[in-house]
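Biologist: Before we discuss individual residues, please show the structure and state the terms on which your labels rest.

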Amino acid sequence: MLIHLAYSITGNQRCDTLQQLVATGESRAPFSYYQNIWGRADDAGFRQKASVVVHLNRLNVGEHSLFEIDDFIVSGGQTENERAEHSRLFAPQVDLNERRFAQARQAYLDGGAESSATSEEVVLSQWLPHCRRKLFFEWQDATKAMRLIPFLYFDLYQRLLQDERGLKDRVLHDFICGLNRAFSQLYLRERDYLFVTTQYLHSGEHPRPLVRLRFASTDLWFETDDRSHAAYNFDRRALYLAVAPPAQRRGTLEALRWRIGLLQFEYVLRLAHGGTYNVLAEECELDVRSFKDRLLNTFASAPDQSEQLEFFVAERHHYSLRKLWIDEQGIIRGQTS
Amino acid sequence: MNNVYGQFDENGKHALAAHIWGHRLRAGQHWMEYMLEFLGVLAGFDYQLGQGLPNRSGEANYRDEYRLPKRLGLRRFVFYDGREKTPDPRDQRATDEIRRQLHTHLPADRQHAEELIAQLRSLLRSFSAIEDDRSWYAKSLFPVHEEFLLWEALRKGSTKRKYVGDPAQLPLEQLDRGIEFFARNFFARGGELYYLMISAGTEGDRERRERISSKIQYLLKERNRALGDFARIVNGTWTALADDGDEQMIEGRVGWLPDPACPLYRQFAEDLDCFLDNNLDALESLELLAHLISFHIVCYIYHRAHPASDAEGHASGSCLEACRPHILVDLLGDEDGGVLRERSAAQLRRLDAWQIERARALITDKVAAWANEQADDRLLLDALKGQAENYFGGARTRAKQEYENRLHELNISYNSGDTSREGIVRGVSDAVFSALSADFRSNFLAAHSKLGRAIGLIAPHKGPRPRFVLGDTLLKTLVTANLQPGEVLGFGPMLQRLYERYGIIVGPGEANIAGLTARLRINEEYYIRNRNALLMRLKRAGLVTQYSDATALVSRL
């Protein structure tokens, strides 16, 4: 089982590829990574990493090329400390007395300009994913190693789960901004109100999202909750966004809660900080859409029967909210800039 | 054709595809148009299904024709501008008049009013559903409200001739001259066909009919009223100017649908009925409805393209089983090295080939039947030629020349005794097929993949090697159309349902039943992974709750 996991979860391989290797008689050694996580000292940094182990398969920790990390692997570090760390990590006894990785590395470093063919490069780049995974687990410079996890807001998410004081309010405005962008598919800048919009997206024209509902930031808050898990004897904390009903319906309805997983959190915050819609879209788009549907179902009494139209229009450098309505005399009224 | 639903023109000559798939579907039609037309026809019959059939006229509350306002004012206001493809001074003048008239509905401050007009126009314009490369009178709006329903039109000769007169001299009502709404041989009428399908599928089920039409009526009349009011005001300005406030109506008759007893139509009606019972936002609901309609049209094309499709099967109801297509959906993409993608693409090509085969079979059958009627060998060739022309209409231009040549050659070889009677029948069939196949391929064959790509049933959106997939919106649509609110269904039974109703194959179970496992010869593991990928997708979308490895329940939101 451990061997299996060493290949599959931490080694990031699939069973059938490995089986093919067996069939063709190729070496499987470079594909495994194994460390007994229960047998090592427990520290905060490690716990953080361990929490993504379930996702490790999909995160592809070894596949992300970051200059600092690859440079460290290849050059062996700049400072004295780094060099010591490097030789600790890639110790001779692990590397068959420096006969495998160290040789490939040396060949690459010494090759220089003479070797026109890049066979060394190829050999070395085969090593890289493996070494990155090794660094991810063993490097003492945890903050750098954490960058191999392709989540930008992982840290923030964990701190929110731990109920860090004051943090929730600060993140909330960013989160509202991200949700506004996710709902309307436009780069809105509104951070104080959550606008639940609906728009027609198949037009060649600029969409004009119609505002169906709006919530002030004071009506939204983050909640954490211990979800008891029957299978394990421990509680998993979960993060929720709660939305209070609109004022006129507050007596009859309860607040609506949306569970925010790490993926959703990342998706929304990336949008808030200028990310594009394609990142994590496959994982999150439908979920966000169904959250919107729920908000409209539950809170909008007759959302599309209101007399007044509120919508966003593009102006020079931003989007602004506009209103149009028809007064009793049948005259079209509206706000203009 | 003796068994049709709708208004069949006995003397009319119809394209090859129309004889198989009804009058009519064409590849040129935009996916959104199917819904627009369907809603247009329904609204034109006052939200009554089952209208427009010839044999029932005279019954109470029964109408032969659907009636829709022309809404030229709204259309001009929204679409006619300086970038117009076919500019015309008459339209320019009409647009100016509309804008001038609109000021009676605006605040007195001129500049403020102009800004409001611009804003209103851009708001309405943001709902443009069909633009492509069309002239203003052929563009359409997304039907967020009944007032937004526009019927495709055409101005005869506008692309060839420029209008040279001085429009300022014309009375206003003449500015609309030459705009036609019913050039039968020009327009596709996929939405009409869908209206007929739903009508046929609800024959004898009055309650379902009532539910469907009242839900759609509610969707189009009661929701997004503010938008509808704006559209009415804009359109009203032109009606007041040109028609003295009494808007001219379009009057249309429906086409026809083959084999009205086919249980597939009932199934579509069930889907629609279930789908409309939702709490979604009106815009979202309409978007999903457009997906559902296009999906149904694709299913319909495949259903009738199946080699086992015949009139008896459709009449007895055995066709659901016999004509089920194999839509092998690939959810893995590159994850499995494209194994499943390859197979899925092959299924798609197979369905493509079926349609061509179906068309060829129709011709062969017909020609054989005509040959049986004509016992006199000397008259045979001429008789076949005449019948084919009567039935399908002549071939066009280049194909026509080739067709004539081929028949001429047949004539010679027949007269010289080189070719038997069977040879003639075969030869004529081939000649007719090759004369008609160019039109068939360019105007019909692409319809299914065009629709499939638009709704996320076929990927990639553009580009080579298409295959079947299930896009997010389509997935949501299918779940909504198959599960009642509050109903839960196991993931396994859901897959089975998708297979039984539409022929969608995802997991190993359905692949086995369909005989794909044996035919495609790929490891069962691929289907298992495919199924798991779908489960993951549904889970992320919140459509599935997983209780354990063995229990996952699908429910709509």
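Modeller: Buried means under 20% relative accessible area, exposed means over 50%, and partly exposed lies in between. The model is a predicted one.

Biologist: Why is A:Glu266 called buried?

Modeller: The relative accessibility of A:Glu266 is 1%. The cut-off for buried is under 20%, and A:Glu266 therefore counts as buried.

Biologist: What makes A:Arg270 and A:Glu266 a salt bridge?

Modeller: The N to O distance between their side chains is 2.6 Å, and the criterion asks for a side-chain nitrogen of Lys or Arg within 4 Å of a carboxyl oxygen of Asp or Glu.

Biologist: Why are A:Arg270 and A:Glu266 said to be separated by about one helical turn?

Modeller: Both belong to helix 12 (residues 262-272) of chain A, and they are separated by about one helical turn because they are four residues apart.

Biologist: How do you know that A:Asp225 forms a salt bridge with A:Arg257, and which elements hold the two residues?

Modeller: The closest N and O atoms of A:Asp225 and A:Arg257 are 3.2 Å apart, and the limit is 4 Å. This pair links distant parts of the chain, with A:Asp225 in strand 3 (residues 220-228) and A:Arg257 in strand 5 (residues 256-260) of chain A, 32 residues apart.

Biologist: Why is A:Asp225 called partly exposed?

Modeller: Its relative accessibility is 27%, which falls between the 20% and 50% cut-offs. A:Arg257 is also labelled partly exposed, with a relative accessible area of 32%.

Biologist: What makes B:Arg208 buried or exposed?

Modeller: B:Arg208 has a relative accessible area of 16%; buried requires under 20%, so B:Arg208 is buried. Its salt-bridge partner is B:Asp205, at 3.6 Å from N to O. B:Asp205 counts as partly exposed at 27% relative accessibility.

Biologist: What makes the link between B:Asp259 and B:Arg304 a polar contact?

Modeller: Their side chains are joined at 2.9 Å, and the limit for a pair of N or O atoms is 3.5 Å. B:Asp259 lies in the loop between strand 8 (256-258) and helix 9 (263-276) of chain B, and B:Asp259 counts as buried because its relative accessibility is 10%. Beyond its neighbours within four places in sequence, B:Asp259 is in contact with residues including B:Asn3, B:Tyr265 and B:His314.

Biologist: Which peptide bonds are cis?

Modeller: Among them are the bond joining B:His23 and B:Arg24, with omega about -25 degrees, and the bond from B:Ala459 to B:Pro460, with omega near -5 degrees.

Terms used: Residues numbered from 1 in each chain as written. Chains lettered and ligands numbered in written order. Predicted model: local features only at pLDDT ≥ 70, side-chain atom pairs only at ≥ 80, totals over all residues. Heavy atoms only, no water. Buried < 20%, exposed > 50% of the residue type's maximum accessible area, 1.4 Å probe, protein only. Polar contact = N/O pair within 3.5 Å; in protein donor to acceptor, adjacent residues only side chain to side chain. Contact = heavy atoms within 4.5 Å.
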